[in-house]
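I opened this entry to keep track of what I looked up, going from the chain as a whole down to single sites.

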Amino acid sequence: MKRNSLALVAMAAVVTATSSIWAADYKLGDVVIDNPWARASAGTAANGAAYMVISTSGAAPDQLIGASTPIAEKAELHTHLMEGDVMRMRPVKAIEVNPGEPATLKPGGLHVMLMGLKAQLKEGEQFPLTLTFEKAGSVTVEVAVEAAGAAGHHDEGGQQH
Ligand SMILES: [Cu+2]
């Protein structure tokens, strides 16, 4: 529950829609955002990444088209692609969410890249992340910061994520 950033407190005050700070999933129209989380960052790390599972209960597809957070200069939608033997990140314009096909954002795959962290991401803390969908609109979720080694593999020399 520690919040040592005034920016985070200010942002939390404008959270609207159906989000509840401690809930693990969020609904926005037909779109459901499940378990948003991020890895704790090293003290000097410039970047971080947020992960979640996005699904829709509607009949039509939607897509995640943008993200923003007060804890980073900007947030971009990224994917990982293999180039030869090397995994590289590449920005994508949108992340598709199709009925029956949840979009899974996870380490080594799709993610919301947090560029230019303004504060270290510390295990046990949360930060707000606003997600914008083409049809459903925008919702602010609270991203739970988990241990640096949480959930799955990480690239070697992973400071750059
Ligand atoms: Cu990235």
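I began with contacts across the sequence: among those in the protein chain with a separation of 6 or more, 67% join residues 24 or more positions apart. I note here that the model is a predicted one.

I then turned to the copper ion, whose coordinating atoms are ND1 of His78, SD of Met89, NE2 of His111 and SD of Met113, at 2.0 to 2.3 Å. I checked the angles that these four donor atoms subtend and found 95 to 119°, which makes the arrangement tetrahedral, since the cut-off asks for all angles between 85 and 135 degrees. Along the sequence I wrote the spacing of the donor residues as H-x10-M-x21-H-x1-M. Histidine 78 belongs to strand S5 and histidine 111 to strand S9 (residues 111-117), so this pair ties together parts 33 residues apart in sequence. I looked up the burial of both: histidine 78 is buried at a relative accessible area of 5%, and histidine 111 counts as buried at 0%.

Last, I went to threonine 69, which I located in the loop between strand S4 (62-68) and strand S5 (72-83). Threonine 69 counts as buried because its relative accessibility, 8%, is under 20%. Leaving aside residues up to four places away in sequence, I listed Leu114, Phe127, Pro128 and Leu129 as the residues that threonine 69 touches.

Notes:
Residues numbered from 1 in each chain as written. Predicted model: local features only at pLDDT ≥ 70, side-chain atom pairs only at ≥ 80, totals over all residues. Heavy atoms only, no water. Contact = heavy atoms within 4.5 Å. Helix = DSSP H or I, 4+ residues; strand = E, 2+ residues; numbered from the N terminus. Buried < 20%, exposed > 50% of the residue type's maximum accessible area, 1.4 Å probe, protein only. Donors = N, O, S within 2.8 Å, 3.2 Å for Na, K, Ca; no water. Tetrahedral: all angles 85-135°; square planar, octahedral: opposite > 155°, others 65-115°.
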